[in-house]
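Colleague: Hi! Could you walk me through this one before I start working with it?

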Amino acid sequence: MDSITRGGAAEALRLSDVVKVYGAAGEGEGAGAGRPVTALDGVSLALAAGTFTSVMGPSGSGKSTLLQCAAGLDRPTSGRVLVGGTELPGGGESELTRFRRSRIGFVFQHYNLVPYLTVRQNVLLPQTLAGRRRRRAGAEAVAVLERLGIAELADRRPAELSGGQQQRVAIARALATRPAVLFADEPTGALDTSSGRQVLKLLRESADAFGQTVVMVTHDPVAAAYADTVLFLADGRLVDELSSPEATEVARRMAALDSRVTAAGAAPAGPGTPVTAAARAFRTEVA
Ligand SMILES: Nc1ncnc2c1ncn2[C@@H]1O[C@H](COP(=O)(O)OP(=O)(O)OP(=O)(O)O)[C@@H](O)[C@H]1O
């Protein structure tokens, strides 16, 4: 698949033939002394601005790796990543960090709010780190909290919020920087059904009302069906795509992929590790 951009719309994300091999020569982390693992095997895609895309696939199919490479949390072994038309920079970690701060928003399963800061301070934090002027950033933080209907929580600390409220604050924090792409990794994985639906509605509204491009990894077919398009990964490749998805059809296609993987002797699909490498990297960044 090369492109699912809508006619004429600006492009928010492009991956061209992205390969990620853990444990390859020159890759510092990962498989160590074991055999190299090809987590992404030539992934190409293009997403139009303002679209909401879900990424699904069996356990180990490369979803988290795709998210990390697309979001500049990790570098592909080969291939190109462009966010908002700008290529992931070469150079060191500080260039990548700058790139992420200016273009990318993250939402994780476990919220990653800073416990000793208020909601307002949490939402302000990425902009403060990016060196934006405090008064302007403060006004924007309040505006985004109002837009998401959670302004009354501004002076509370994360421990005083429900899981669903914490996740809505995490979304507010991500949106306040006006990222080219908002990446969400299992954003409803720790929530009950009703709070999860609220979070999904918020992501849907972010795309519809604010033109926010959203890319979400999920194991839940109902969650995936909130998107405009579902991309299916297997063995590090994009193998299927579903537009205007319905949960039953998403589940049917996932079951087909799972049985393919199980027949090949791999682990069945299941929830990802609670704290992904992406979340760890982000935590280090904001701490
Ligand atoms: N840091 C790493 N070092 C070595 N191998 C890795 C590393 N991270 C992931 N892998 C391997 O890469 C492949 C893809 O992993 P990835 O976590 O991207 O899959 P996933 O689809 O997100 O899985 P899950 O749904 O279980 O979270 C797997 O075979 C995994 O074991």
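This is a predicted model: local features need pLDDT of at least 70, side-chain atom pairs count only at pLDDT 80 or more; totals for chains, interfaces and linings use all residues.

Colleague: Thanks. How many helices and strands are there in the protein?

Modeller: The protein has 9 helices and 10 strands. Those are DSSP runs numbered from the N terminus, with H or I of at least four residues for helices and E of at least two for strands.

Colleague: And what share of the residues counts as buried?

Modeller: 44% of the 287 residues. Buried means 20 or more other C-beta atoms within 10 Å of the residue's own, exposed means 12 or fewer, and partly exposed is in between, with C-beta atoms placed from the backbone.

Colleague: On to the sheets. In which order do the strands of the 6-strand sheet come?

Modeller: That open sheet runs β6-β7-β8-β3-β9-β10, with mixed pairing. Two strands pair if DSSP finds at least two bridges between them. β6 (104-108) and β10 (237-243) each have a single partner strand, so one side of each lacks a neighbour in the sheet. On average, neighbouring strands are turned by 20° against each other, direction ignored.

Colleague: Which helices pack on it?

Modeller: α5 touches β6 and β7, and its direction makes about 170° with that of β6. Helix α6 (residues 193-210) also packs on the sheet, touching β3 (52-56), β7 and β8, at about 155° to the direction of β8. Those angles run from 0 to 180 degrees between N-to-C directions, using lines fitted to C-alpha atoms, for helices over the stretch in contact.

Colleague: How do β7 and β8 run, parallel or antiparallel?

Modeller: Parallel: 4 bridges join β7 (residues 181-185) to β8 (residues 214-217). Within that pair, Ala184 has Met216 as its bridge partner in β8.

Colleague: What about the sheet with 4 strands?

Modeller: It is open and antiparallel, in the order β2-β1-β4-β5. Its edges are β2 (37-48) and β5 (86-87), each with a single partner strand, so one side of each has no neighbour in the sheet. Further in, 5 bridges join β1 (residues 11-22) to β4 (residues 78-83), and Ser16 has Arg80 as its bridge partner in β4.

Colleague: Back to α5. Why is it described as largely enclosed?

Modeller: Because 11 of its 14 residues are buried, α5 is largely enclosed by the rest of the structure. The buried residues include Gln166, Arg168 and Arg173. Just after α5, Arg178 takes a positive phi of about 50°.

Colleague: And how many residues of α1 are buried?

Modeller: 8 of the 8 residues of α1 (residues 63-70) are, so that helix is largely enclosed too.

Colleague: Last topic: which residues touch the most other members of the largest nonpolar core?

Modeller: Of its 72 residues, they are Ala70, Val123, Ala172, Val181, Phe183, Leu203 and Val215. Helix α5 (residues 163-176) gives this core its largest share, 7 residues. A nonpolar core here is a set of buried Ala, Val, Leu, Ile, Met, Phe, Trp, Tyr and Cys residues joined through C-beta atoms within 7 Å.

Colleague: What does Phe183 touch?

Modeller: Not counting residues up to four places away in sequence, Phe183 touches Leu67, Ala70, Ala71, Ile104, Gly105, Phe106 and Val215. Contact means C-beta atoms, placed from the backbone, within 7 Å.

Methods: Residues are numbered from 1 along each chain as its sequence is written. Two residues are in contact if their C-beta atoms, placed from the backbone, lie within 7 Å.
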